[in-house]
Amino acid sequence: MSSSVSASQDQRKLSVLGRFGYGSIPMITQFVADAAQEARLDEDAVFHCQMAVDEACTNVIEHAYGEDPNGNFEVSCWIERGKVTIQIVDQGKSFDPTTAPAPKMSANLDEIRPGGVGIHLIKKLMDEVRFERTERGNVLTLVKIGQPLAEHLVSTGIPVREESPGVWVVAPIGQVDSLIASDLDQTLSDLVSQGRNHLVIDLAEVTYMSSKGIKALVSGWRQARDSGGEFILCAIAPRVQAIIDTIGLGQIFAIHSTLSDALTAISAVK
Amino acid sequence: MDVKIQEMNRVDLVEVSGRVDSSTAADLGAKMNERINNGTLNIVVDLSQVDYMSSGGLRELVAALKRVKKDGGDLRLCSPSPRVREVLDLAGLDTIFQIFEEQVKAVGSF
Amino acid sequence: MESWLFILLLTGLLCLAAWSLRSSHAMLRVPARYDSIRALTSTVNHFVRAARLGEREEFEFRLALDEACVNIIEHAYDNDLSGEIAIFVRAVPGMCEIRLTDFGVAYDPRSIMPPQFGIGLGDSRPGGLGLHLMQKMMDEVNYTAGPDGNCLKMVKRRAS
């Protein structure tokens, strides 16, 4: 069976490489969890991937490298809709975790053999487990497959509601990073093009915004005002306000501290 | 990871919190061993504040179990979160440990 | 105390000291796409935290990194989704350094002016808003264009 995983158009590859000790495992499992989430796997599946990678990396550090702090290994994730393929490659001592005897748990104390629990867990948690020793070293491939989460369960979406006749409130939630910013941009454009140009942007639930997010707000502001409407921001967290000020846009937006103030202000101009 | 040990009438109550993984498991093992070396026979490990446990942690629990059983004691678990419970079950530890939902029942079982 | 126990303890302490003094670092490789940004910033955050820069600094580092990625996606690769970004991140107590390398088109950062009110908000000059933010958030921002790739290096230290 081939150890190479070819990337296709719909498959993205992310990888992390370094001299990792036990202390790096939380970082690596976070990396894998993010990849599994991008693959739209559900919470349980994501947790299984994290656990399996924890165990696999522990084995590499313990057995392939004998806890040598200079051991280098790489963890790669190939992301597809509903599927994540994880590969751990190290150049340590040849060690095939899949051939370790299964652990034995028994009421008879003397029969208990806890060794091999790690790989046993990996096999139970993942859908496919393959090991190969190649010129790259030890290559362990793990696959998790699941029903991809429906779109609306994955993206934060941009909540929009008509607060009062003709007054629309747009209330993004959480971290408006560059990916969400595109959604925000589209949402604002759509609203204005539908004639809904009296907009209050409620940022009470926004903890973070990159410049793309702010660009989206500026673009929405321009479009709303050019079409004779109004565009007001409210409830901005200090951190996000600091970003707006750094960019120098503190002066152009009409900003209110609370939603009710903003609604009052927009009703006055309507 | 934090370990708080309370000496009670018939058992030592070991309350663990945080992550029990390859970097912290040895510490848990060492603290239990210290008690066992001092004569503790019966241990209840309360897992309610453990948000994550990997095989390293499981191994320490099994090692401590074997030690106390040799001397006629026992080690029982209580209050694992659903995730930790899942790991215990997958590893087959539910067949060698008595696992209780509540601390008071676990302590009372001795 | 038994001598073997003492030696064990000493070795353990030395290993612990070595581990904590050693800088932690890693190399990452991700596709130059918006959907890589979240995984990248969350992984890099582990290093920023390891450097113990502070909560506010973690936020600023994340913002600068987000901006840097957007620049690479939009300008080095002109939104061609098949490009890659190679990242090197290193943390020591009090300092975190990151280097992003792309293999796309180089641009001259000196041609980027900080935005002024009313100017440049809608246009697509390379960097623009993003670069300005990066310089405010990080202590050092250096860009080197080269035949083997363009490298953006950013360093942040704990506020003294």
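Modeller: In chain A, helices α2(A) and α3(A) are roughly antiparallel to each other, because an angle over 145 degrees counts as roughly antiparallel, whereas one under 35 counts as roughly parallel, one from 65 to 115 as roughly perpendicular and the rest as oblique. This is a predicted model, in which local features need pLDDT of at least 70 and side-chain atom pairs count only at pLDDT 80 or more, while totals for chains, interfaces and linings use all residues. Residues are numbered from 1 along each chain as its sequence is written, and chains are lettered from A and ligands numbered from 1 in the order in which they are written.

The axes of α2(A) and of α3(A), which covers residues 117-125, cross at roughly 150° and come within 9 Å. Axes are lines fitted to C-alpha atoms, for helices over the stretch in contact, and angles run from 0 to 180 degrees between N-to-C directions. Helices are DSSP runs of H or I with at least four residues, numbered from the N terminus. The crossing of α2(A) and α3(A) is left-handed, meaning that the near helix is turned anticlockwise from the far one by less than a right angle; clockwise would be right-handed.

On the α2(A) side, the residues that meet α3(A) include H48(A), M51(A), A52(A) and E55(A), and their partners in α3(A) include G118(A), I119(A) and L121(A). Two residues are in contact if their C-beta atoms, placed from the backbone, lie within 7 Å. By class, this contact has seven nonpolar, four polar and one charged residues. Ala, Val, Leu, Ile, Met, Phe, Trp, Tyr, Cys and Pro count as nonpolar, Asp, Glu, Lys and Arg as charged, and the others, Gly among them, as polar.

Helix α2(A), residues 43-64, also packs against α1(A), residues 25-38, at an angle of about 145°, with the axes 9 Å apart. This crossing is right-handed. Among the residues that make the contact are I28(A) and V32(A) of α1(A) and C49(A) and V53(A) of α2(A). The contact of α1(A) with α2(A) comprises 10 nonpolar, four polar and one charged residues.

Of the two pairs of chains that touch, chains A and C have the most contacts. Chains B and C are joined by no contact, and their closest C-alpha atoms lie 11 Å apart.

How values were computed:
Helix = DSSP H or I, 4+ residues; strand = E, 2+ residues; numbered from the N terminus.
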